[in-house]
Each structure stands twice: as structure tokens, then as C-alpha cells.
Amino acid sequence: MKAKVFIVVDDPIMGNLLEVRLAEAGFDARYLETAGEALAAVGAADPADGPILLAAPEIADESFLKGLTEAGRETPPPVILLPADGEAAVPPDSADDALPVIPLPAPFSMDTLLEYLKEIAPEAVDASAAAVEPADEDESAPAGDFTGVPGLLASFHHRGVTGLLEVRDLPEKAGVFLDGGEIVHAHYGEADGKKALFRIIREADGAPQFHPQPRLAAETRSIRDEFQDLMAEAGREADTLRRVKREVFDSVLSVDEEALARSPEVREHRGLSHILSLAADHRRMRRVLDRSRMTDLQTYTNLVYLLKTGVVKARSEERVGVRIVTDSTADLPDGAADRENLLMAPISVRLGGKTYRDGLDIGPQRFYDLLRRAKDFPETEPPSPEDFYPIFEGAVGDADLLGIFLSRKLSETVTHARTAVDRYGDAYRIRRRNRRGGGDPRIAVVDSQAVSLGLGLLASAAAGKAREGKSLDDVRAYVEGLIPGLRIFFAVDSPAYLRRSGRLGRGRAMVGGMMGIRPILGVRHGEVIYVDGVRGEKGIPEALSDWIAWSLDDPAAPLRLGVMHADAPDRAERLAAALESRFDCRRTTISQIGPVVGAHCGPGTVGAAVLPA
């Protein structure tokens, strides 16, 4: 029988994390939210189970410890005090000598916790270890009790099959490649290798379809583990992550710099350092899992360590009355959408015979590398109403939504978003009713009349107002009031891309190319217009500064500045310095122009967007 461990802390994320890890180690672990629940659980537990308590020091106070000694048990259960604020907890002075109260050192690891458990109740730890001792495997049988896709993979392994098992009807494009029955590669959206394979195996609703194919080239292979080992590891990961409550994955992460300074080993450990940087950039646990190069369980395990040491803090996802939705042409810096709590609708770009979703399947750097080698001009495609539906439906249960999208004169994105609002109204109402018990959801859509980081500045400003608790009507009015004051200008390095996209006449493009003139473009009432040309790269910062000054009602007023570039970071830095020296810039954001806008302006482009601060 497994030993019982009751975890009583007031932080549900930490409580759930400890419950999962102890269950993984073989204990009958249970997370309890209050002291009352813990006392009741101890009183109802079988004495033979020898329960142990893990308690936060603020819960294990004098009254709680007294309650344990009066619970009617012949031997009160031992209590292990968890560290608080990076320091070992101190037991209350009045703790009963008959009740073992042992503080854990800070920071503590899972190994340390298991050592303390063994010190308190060695027979419990030994029994739990035996409970998870692996049984002898039958090498002739598939590993694990699998059905569906795992069952097919096991069958293909024993038959020595070569080809692709495509798995449809999943949130992302997915497939598993086999060579002679061995799994050699897998992909699931942006993920590949074991991470992708394990995600596919955890999905229950995928529709598999097999395609015989030649063997993969050696350089394409991302998995080299033995089949039995892979399936066993997949089973362990699925079993562990299945215990984690869904809300834990939605938690918001932050890095405690003081705790990090006290834990130099974090920087020295490659895995921990990798996860720490992701937590700082992306903030949400789900995004860290998606972006990590490790499997989900490896990522989760490293996060647990960082949370236990206090280097990373976790809290429930921010609940706001209004969520902001924008599209990927907002060209915000990497991680900014997560930090701002923005929802992002990806616009697609087709290049070299393949279609990529901006920000999901392809990023700026890879896009520009492909663009320089491409023979055909890229094509862009806005999200369809069906693409918008899961974005709206997933968020509307908890908040009203304000969509701020690329100019209607440049894309059908706004039109498709409005269609999605009208077409799926009943589904949104059902979602809201199921989550909040009533009330109609509200979704408003605004044409930003902007592009690139100009759109990003508007979306970021709207998210700030939403965090202040403003209503949907107030945030919408605020954004619509900002739009007339937004100014956007670009200096394009090569007129050829503008000519191919139809943004610049053939004659002007040829003359400009021969004479080394860089076109300067502006965005006016949602349209991209040619406003000037400047000879040579050195004149670009001054020319853009002049046009911004000319366009502003009050050039001395404080501004929010956004500087964007198409694979030209040095040019962007010089432009930002020039603008900051000339204007009262209260906040500056520098980012890359993404694939959609970059398809029309080409590499080397720099631009600026300014908004009243």
C-alpha cells in the first residue's frame, strides 16, 4: 500500500505541483487547500497508512498543530514545514514535543524532500519505492497499455513498417515517421522529435492515416531511441501530466531576481537556464511548454525545481474584464504578446510552395532567409472566420473581447473577424453561459487603419487600459481616440519588392533602383502611400525624423516610439537613436517586421511608428 502524504498550502499551483511529483515518486499524495480539510483528512485516514503532512508555515500555526494532537490518533502524524520566502520555516514555540515538526531547508529539491520523508517514516518510503519498481517487460509485446495511435505504432513496429503515420483532426499538423518499424521523426505544429511524438500519443481524438513513403534522410531524423524505451517514456509522461490540473498550465510566471542571485547553480545548469529564459520572455507556463526544446515532462520538471527554489514565481492567470485580440502583423517583439496578455490571430504567407502561419510556423529570420532565395513573390492570406472562431470562443467565456486588426484597406482580416463574430454568436453565448452562468458575450472589432508596429502600439495600449479594469466600451473608445494621432513611416531598401507587390509603379521602381533612391512610405487613413525618396542609407534617419516632425500636431509632445526593421537591426538602432534625440520618447520598442509585412517591403527596410504617450 502506498504511503499517504497530505499537502496543505494556500498556493494551489505549488500544492498541485507537489502532489504530482510525489505521486510520480509512488506516494498516495493529496493536495488540500485549507487547514480544516487537512485536519478532517487526518482524522479519517487509516492509522496503518501512517499519513505525513507537508504544510506551509502560515497554515501550520499553533491552532493547527494543536488540532492534530487532538485528532484522536494514538500517534499524531509528523509535519514537514515547507520553506517560506526562500528561507526555512521556524516551527511555533508551542509545538507539542510529541508531534514531530521538521522544517525543510531552503531551497529544497525533490531528493531532499524524499530524504526527509525517509527519515520520518523509512518504511513508508520503502513501500512507495517498491510500488513504482518497474515490472519485467515482455520484449515481444508493445510497451504500455495503448490504444489508438500508440496501438498502431506498436503494430507498425512489430511489422517493420516504413512510412508516415499522419494524425489529423488535432489542433496542429502532426505526423510520425517510421523506418523499419522504428520511430525516427515526429512533428506536431512547431514541435518535433520526442516532444512532438509524446504530444501526439497523449491526444485521444486524432484520426490516423498511413502513407507509405521512402526512408527519411539521416539528417532529418530527430529520434534515435529504441521503440520500447520511447513508448515507456511516453506512458510515464502522459500519466504524470494527466494528474496536473488544467489551470496550472495557465498560470503566469515571473522571475525573482533576488532569489536567482542566491541560486547561481540555475545559470550553470543548461536545462534550468533554458527554462528560466523562457519564463522571463513568455510568462505563461503553457507558452514555456510550447517553446521549450525539451519534452513537456522535462520542461515541467525543471519548472517545478525553479518554483520550489523560489527563482520563478507562479500565480493564477490574470483575470481581466476585457481581452485584446490582434493579428500577427502587429510585429511585437518576441514574448510581448504573452506579457501584455494579448491573443494573436496568425496571418498566413505562402512561399516556395509552402504555407506558413506568421509567428507559429515561421518567424522573421527564417522568412527573410527563404525570401532572399525565392523565385516567386510571397502571397499572404488573412485568417478565415473559421480561424477566428476558436480564438474568440476560447476567451469569451471569461471576458469581453476587443479585436484590433490590420487596416481594412490592406487586408480582409477585419472583415473576416466581424463575420466570425456574427456567424458564431450562439456558440459564444453557450461558452459564456457554461463558464459564467449567464449574460451575453460582447465582442467588438476595430479597424486600426495601421500596419506593423503601429498596430502593435495600439494593441499594447489597449491591453494596458484593460488591465486597469476599464470596460469594453471604454477601451474601444480609448483606442479609437488614439488612431488619428498614430503616425507610421517606412524607408524601403530595395524598390523591387514594392514593385512585385504592386505598391510601387514599375517605372518609379526602376528609376529608384538605378539611382540608389530608397522609397519612403507613409500610412494615411489606412493606406500605404509613397511620400518621398532618399538617396543612400545614411540619409534615412534624418528623412524619417523630418516626416514624423512634419506630420505631428505638436512635435514637442511626449510620444511612444516603435522602431521596426526587416532583418536590419543595426539600422533600427541608428534610427531609434536619431528619433530619441529629436523627440520626447517616453517609451521605445524595437522589433522585427514579420513575414506578412516583410513580403511587401523586403529585407533592409526600417520604419517608425509614434503614438501620443
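1. Contact means heavy atoms within 4.5 Å. By that rule, and leaving aside neighbours within four places in sequence, isoleucine 593 touches Asp331, Pro364, Tyr368, Ser452, Phe490, Met564, His565, Ala566, Gly598, Cys601 and Thr605.

2. This is a predicted model, in which local features need pLDDT of at least 70, side-chain atom pairs count only at pLDDT 80 or more, and totals for chains, interfaces and linings use all residues. Residues are numbered from 1 along each chain as its sequence is written, and side-chain values use heavy atoms, with hydrogens and water left out.

3. Confidence comes next. pLDDT is the predictor's confidence in each residue, from 0 to 100. Its mean over the protein chain is 83, and 87% of the residues reach 70 or more. Residues 128–146 are below 50, and this stretch has 25 contacts in the model beyond near neighbours in sequence. Residues 503–515 also stay under 50. For them the model has 17 contacts beyond four places in sequence.

4. Now the overall build. The protein chain has 26 helices and 25 strands. Helices (H or I, at least four residues) and strands (E, at least two) are DSSP runs, numbered from the N terminus. Of the 613 residues, 50% are buried. Buried means under 20% relative accessible area, exposed over 50%, and partly exposed in between (1.4 Å probe, protein chains only). Among contacts between residues at least 6 apart in sequence, 71% join residues at least 24 apart.

5. Which residues have the most contacts inside the largest nonpolar core? They are Ile324, Phe367, Leu402, Val479, Ile488, Phe490 and Ile593, in a core of 51 residues. Such a core is a set of buried Ala, Val, Leu, Ile, Met, Phe, Trp, Tyr and Cys residues joined through side-chain atoms within 4.5 Å. Helix 20 (residues 453–467) gives the most to this core, with nine residues. A second, separate core has 46 residues, including Tyr31, Ile52, Ala259 and Val311.

6. Look at one helix pair. The axes of helix 7 (residues 193–202) and helix 8 (residues 227–242) come within 10 Å and cross at roughly 60 degrees. Axes are lines fitted to C-alpha atoms, for helices over the stretch in contact, and angles run from 0 to 180 degrees between N-to-C directions. From helix 7, Lys194, Leu197, Phe198, Ile201 and Arg202 take part. They meet Leu230, Met231, Glu233, Ala234, Glu237, Ala238 and Leu241 of helix 8. By class, this contact has eight nonpolar, no polar and four charged residues. Here Ala, Val, Leu, Ile, Met, Phe, Trp, Tyr, Cys and Pro count as nonpolar, Asp, Glu, Lys and Arg as charged, and the others, Gly among them, as polar.

7. Two residues other than glycine have positive phi. Asparagine 341 has phi near 65 degrees. It lies in the loop between helix 15 (336–340) and strand 14 (342–345), and is buried at 6% relative accessible area. Serine 452 has phi of about 55 degrees. It sits in the loop between strand 19 (443–447) and helix 20. Serine 452 is buried too, at 0%, and is among the contacts of isoleucine 593.

8. Proline 77 is in the loop between helix 3 (62–69) and strand 4. It is buried, at 3% relative accessibility. Its C-alpha atom is 6.0 Å from that of proline 51, 26 residues away along the chain. Alanine 84 is in the loop between strand 4 (79–81) and strand 5 (101–103). Is alanine 84 buried or partly exposed? Alanine 84 is partly exposed, at 27%.
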